Amino acid sequence: MSTVVLVGSQWGDEGKGKVTDFLAEKADVVVRYQGGTNAGHTLSVGDQVFKLHLIPSGILYPQKTCVIGNGVVIDPVALVNEMNELRERGIDLSNLHISDRAHLVMPYHRRLDELQEQERGDDKIGTTLRGIGPAYMDKVQRTGIRVIDLLDDDELKDKLTPIVMAKNRLLEKLYGAAPYSIDDLLDEYGQHAQTLRPYVTDTSVLVAEKISQGHKVLFEGAQGTMLDLDHGTYPYVTSSSPTGGGACIGGGIGPECIDAVVGVAKAYTTRVGDGPFTTELEGPIATRIREVGKEYGTTTGRPRRVGWLDAVVLRYAVRINGLRYLALTLLDVLTGLDTVKICTGYRCRGEEITHMPASLRALEACEPMYEEFPGWSEDLAQIEDFEDFPKEAKDYVARVCELAGVPIALVSVGPGRHQTKILQEIF
Ligand code: IMP
């Protein structure tokens with residue numbers, strides 16, 4: 001396969017960064033296609049830990065082309081900081097390319113994200129407060145600023161002036177908040193433009209060329225299927241399309257270019273932010289999984305909500321994304337539990353269902369139906385071959401595969417690159 005899309009199969013934080021990093025070794029090009037600094041990947045390379053928010057994980061390999069596609073919303077301040085940090089740590093950025101059509105996250109987006117969340121009170125979405133929703137709102141409303149506008153001082157002034165005036169009216173009149181100075185914004189963002197300019201290009205052309213030359217291209221989704229604007233647990237979702245189809249729109253390619261979509265799933269489930277979570281656990285097992293799995297947000301540091309694996313969610317992800325394979329991560333975190341469970345269906349208002357309801361009320365009324373399995377105690381991270389894993393762990397993986405209805409290509413049992421077991425080659 002030459003063109004693979006990697007997506008989150010749950011509510012994000014499935015370990016996509018690690019799997020991307022693993023696959024990036026074989027890929028020539030890695031493309032981010034949606035989301036923004038709401039995403040956070042933690043990558044361990046040797047004794048170094050890298051936290052990336054906007055730049056594709058492939059950047060840690062020299063010679064890989066890394067693309068921030070048109071579907072990403074870019075916070076220039078965050079991107080420049082991330083670039084500086086990588087440069088200081090000796091990472092070469094000459095292969096980084098930024099789409100001229102990507103939209104920008106501006107300071108007023110971040111501020112509006114906070115104010116809108118405050119206004120929602122108990123009904124808050126639990127956003128990452130990175131301005132993602134307001135930036136995509138402006139894109140859809142056709143009042144967004146794109147990277148290409150940033151590079152032209154006159155264009156930027158012409159576009160930004162009426163937008164900031166309108167935002168200031170909103171901030172002052174509706175929220176009683178401080179306005180933004182247009183001149184200050186022009187000054188500051190004009191400087192960011194100089195830093196970013198050498199990296200800006202029409203990335204759709206670049207990616208198409210790479211595909212036609214037979215290069216291996218990996219599209220790296222951020223967040224996950226259940227946070228998809230259309231298919232997730234709306235309104236407790238993000239404002240972009242993290243699903244397979246999103247790669248076409250946000251990467252600037254046609255569907256016929258995609259050879260396979262691979263879904264990353266944790267061996268259990270986590271969720272940050274608010275919204276329904278049918279298999280959510282509380283008490284000692286949740287605490288144990290959270291601590292062993294270090295389940296705290298990379299971007300916000302928030303403790304993640306934790307639950308058993310949900311096969312209803314996995315099957316949904318298989319269908320919505322057209323998954324060819326799953327990559328199962330963090331299996332080692334379940335080590336030491338007496339028993340482990342998988343939710344195979346929901347009981348909803350007296351009826352058994354095996355699909356994801358559209359209504360949040362219906363989903364909130366769902367009770368999980370579980371299958372229970374014996375646990376294992378061996379340290380999986382120390383076992384070289386998947387075949388030598390304890391029978392209980394292998395049985396668990398086999399059942400996940402059966403319930404999801406697709407093969408598992410990779411099983412990850414630790415943060416290191418060598419702790420990924422290959423069951424099927426992807427590239
Ligand atoms: P936003 O994307 O910041 O607007 O947040 C909307 C929802 O998506 C919230 O529940 C966030 O916690 C969640 N979310 C956004 N990005 C991520 C991510 O990278 N991992 C997991 N959850 C995320």
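1. The model is a predicted one, in which local features need pLDDT of at least 70 and side-chain atom pairs count only at pLDDT 80 or more, while totals for chains, interfaces and linings use all residues. Residues are numbered from 1 along each chain as its sequence is written, and side-chain values use heavy atoms, with hydrogens and water left out.

2. For Arg302, an N or O atom of the side chain lies 3.0 Å from a ligand oxygen. For Val272, a polar backbone atom is 3.3 Å from an oxygen of the ligand. There are 15 residues around the ligand, and Asp13, Asn38, Thr128, Thr238 and Arg302 come nearest; a residue counts if one of its heavy atoms lies within 4 Å.

3. The chain has a domain 1, made of 3-92 + 202-422, and a domain 2, covering 103-199. These bounds come from an automatic or database domain assignment. Between the C-alpha centres of domain 1 and domain 2 the distance is 29 Å.

4. In the interface, 28 residues of domain 1 are in contact with 23 residues of domain 2, contact meaning heavy atoms within 4.5 Å. The two domains bury about 2100 Å² between them, with 59% of it on carbon and sulfur atoms. Buried area is the accessible area (1.4 Å probe) that two parts lose on being put together, summed over both.

5. Domain 1 and domain 2 have 2 salt bridges between them, each a side-chain nitrogen of Lys or Arg within 4 Å of a carboxyl oxygen of Asp or Glu. Lys124 and Asp274 also form a salt bridge, at 3.4 Å from N to O.

6. Two backbone details deserve a look. The peptide bond from Tyr234 to Pro235 is cis, with omega near 5°, and Pro235 sits in the loop between β10 (217-220) and α9 (246-251). Gln63, not a glycine, has a positive phi of about 80°; Gln63 is in the loop between β4 (48-52) and β5 (65-68). Helices (H or I, at least four residues) and strands (E, at least two) are DSSP runs, numbered from the N terminus.

Note on methods:
Polar contact = N/O pair within 3.5 Å; in protein donor to acceptor, adjacent residues only side chain to side chain.
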